[in-house]
Amino acid sequence: MITLENIVKHYRLGDVDVPVLKGINLHVEAGEYVSIMGASGSGKSTLMNIIGCLDRPTQGSYHLENRDLTTLDKDGLAYIRNQYLGFVFQQFNLLSRLTALENVMLPMVYAGISKTDRRDRAAAALVKVGLGDRITNRPSQLSGGQQQRVAIARALVNQPSLLLADEPTGALDTKTSKDVMALFHDLHDQGITIVVITHDSDVAEQTKRKIHIQDGLIID
Amino acid sequence: MSITKLRPHAVPPLEVGEMAIAALLSNKLRSGLTMLGVIIGISSVIGISSIGQGVQKSTEESLRGLGTDILQVMAGEAESGGISQGQGSVSTLTWEDAQAIAEQAPSATVVSAYLQRSAQVVYGAENTTTTVYGTDLNFPEANNTFPATGRFFNEEELDAAASVVVIAPTVQENLFPPNVDPIGETIRIQGEVYDVIGVMEEKGAQGPMDRDDAVYIPLTAMSARIIGNNSLMGTSVNGIYLKGEDESQLEALQFQAENILRLRHDIDVPENDDFRISNQADILETLNTILGLLTGMIVAVAGISLVVGGIGIANIMLVSVVERTREIGIRKALGATDSTILNQFLTESIVISGAGGVVGIVLGVGITFVAANLFSFAFVISGGAVLAGFGLSTAVGLIAGVVPARNAAKLDPIDALRSD
């Protein structure tokens, strides 16, 4: 599914190159449920941005479904994000102006799917995450757990190869965290590939494979 | 398979438009206030240019009503101790001059001389101050103004300096009750009694002069009783109307008249002319030039408010991009390309400005309509002005939106997602 080989990332801070990732090798198979764990400053966010095609590595290669992504331009990366990747963020990142349904429809706007198909698929995705009765609510009318489930529906609606979750329970209380993790379990059972980035070992414990990152390197 | 040329689907313009309208409607007060600048700018440009055109058209029509095949010879300004007494104040033109032009200028078909004074006219207990014209038999033909009822005075009456008067409609209205036929009644002009023999047709106000507020008496009667001069020869006149065959003859006629008058007045160089010849076409042209200039100047000022409106849009769009940094980050993470984001914000700017333009056009046309009815000039809306107004407002939105939209498109999605 995804293969990262010798990924190096430097940031320029003034005159100095600061190495953040120092040679990451990672392979994730289709259908895997993986967590990437690390303390803040370990480079896990940078790794997640590179896997999410929001950033480019300074060196190394990144293959998604046997396609080399390092040669892609900005528009190409946007296409990959739209078609192959689904994002779930700590802060949900829903558009407050739009209803739950409209938020879920948004990735399909950029995929060129017709309006009626968009509506049907978004409604179906919301039913799947248990929010079939909330489709006309705006984010402000939903609880944190509900908002995160809308975000998960949005991440899945374009049928991505990979669901990428960045601290998905970071802004939720214990009970709703459990609900969201249960949902991830269900999705994993349905065969969806999931990568969760977290600093929370309780979250990491629930995944099938744990990867630790420290000082820009994978340590086990 | 190579995917280096992968391009995401471009969002169709109509859908970008819908997105823009939804975003603008989510903050109605701000959008409305931002539009106001363009509304004021476009409505003033449309309103003022249309009012200018309407006034121009009405002036032109009324001047054409007098006939454009006519020249007017005005007596030169008399000077008293180096101070100009005003055009026609003391006449350098005489009845003889008029006769000479009639006889010697081959292009002249009608020649009519006149004297003119402001005087009080009385009927019974009613009185009004009007312009009294002392003139000859050719006056109606020269001015394209004929009696509607009754008749103009005849040769016999002119020779005898008869006390007869033809009145114009405004004077009739001011002096006579509606149920009284003025013909056969007598009125007094400066104390002298005159028999009313005709009422002129209505001509409407003709720019500076109002032919409807006047009375006409024989030049001889005017000269003898009001000015005080019994001989026709050597009688001063204030002006002479000259009519040619048609408009094309006016230049020749003017040349002939000038030469005849210079000979008679012993003038060797045109700079010393003690008379001035003007024609309606010249007056029309001058009026049009002045009106056009005035309109242009006011439209330019209105255009400045459009620029200010554009700056307002640019300002609000810049603020909006900063406020919506996170939204931009989310959209990019979901697959929006830089150009899609650029289009979205540019469209918002164009929609807000274009909508302001449409409201401004409607408002401008409304203002013109009300003004045209209030001040009775022609209601003219040129399609060109409306199109230009719409084009201008769209262009303002486009220009104002470029920098904010580029800022939005260039945002790094990682930074944008991290912003509050």
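Analyst: **Helix α8 of chain B and its surroundings**

α3(B) and α8(B) cross in a right-handed sense (a crossing is left-handed if the near helix is turned anticlockwise from the far one by less than a right angle, and right-handed if clockwise). The model is predicted, so local features need pLDDT of at least 70 and side-chain atom pairs count only at pLDDT 80 or more, while totals for chains, interfaces and linings use all residues. Residues are numbered from 1 along each chain as its sequence is written, chains are lettered from A and ligands numbered from 1 in the order in which they are written, and side-chain values use heavy atoms, with hydrogens and water left out.

Two packed helices are described by the angle between their axes and the distance between the axes. Helix α3 (residues 95–104) of chain B packs on α8(B) at an angle of about 135°, with the axes 10 Å apart. Here helices (H or I, at least four residues) and strands (E, at least two) are DSSP runs, numbered from the N terminus. Axes are lines fitted to C-alpha atoms, for helices over the stretch in contact, and angles run from 0 to 180 degrees between N-to-C directions. The two helices are therefore oblique to each other (under 35 degrees counts as roughly parallel, over 145 as roughly antiparallel, 65 to 115 as roughly perpendicular, the rest as oblique).

On the α3(B) side the contact (heavy atoms within 4.5 Å) is made by Glu96(B), Asp97(B), Ala100(B), Ile101(B) and Gln104(B), and on the α8(B) side by Ala257(B), Ile260(B), Leu261(B) and Arg264(B). By class these residues are five nonpolar, one polar and three charged. Ala, Val, Leu, Ile, Met, Phe, Trp, Tyr, Cys and Pro count as nonpolar, Asp, Glu, Lys and Arg as charged, and the others, Gly among them, as polar.

Leu261(B) belongs to α8(B), and it counts as buried because its relative accessible area is 0% (buried is under 20%, exposed over 50%, partly exposed in between, with a 1.4 Å probe and protein chains only). Not counting residues up to four places away in sequence, Leu261(B) touches Val73(B), Leu93(B), Asp97(B), Ile101(B) and Phe275(B). By contrast, 48 Å separates its C-alpha atom from that of Ala385(B), 124 residues away along the chain.

α8(B), residues 250–264, also holds both Glu258(B) and Arg262(B), four residues apart, about one turn of the helix. Side chains of opposite charge can pair when their charged atoms come close. Glu258(B) and Arg262(B) form a salt bridge, with 3.9 Å between the closest N and O atoms; the term needs a side-chain nitrogen of Lys or Arg within 4 Å of a carboxyl oxygen of Asp or Glu. Both partners are buried.

Over all chains, the whole structure has 19 salt bridges. One of them joins Lys9(A) to Asp55(A) at 3.3 Å, N to O. Lys9(A) is in strand β1 (residues 2–13) of chain A and Asp55(A) in the loop between α1 (44–51) and β4 (59–64), so this pair ties together parts that are 46 residues apart in sequence. Lys9(A) and Asp55(A) are both buried. In chain B, Lys332(B) pairs with Asp338(B), the closest N and O atoms being 3.1 Å apart, and Lys332(B) is buried at a relative accessible area of 2%. A network of salt bridges links Arg97(A) with Arg324(B), Glu327(B), Arg331(B) and Glu348(B).

Among the contact residues are Val16(B) and Leu24(B) of α1(B), and Glu348(B) and Val351(B) of α11(B). The contact has eight nonpolar, four polar and one charged residues.

Elsewhere, the chains also meet at Phe87(A), whose contacts beyond four places in sequence include Leu54(A), Leu164(A) and Ala333(B). Phe87(A) lies in strand β6 of chain A and is buried, at 2% relative accessibility.
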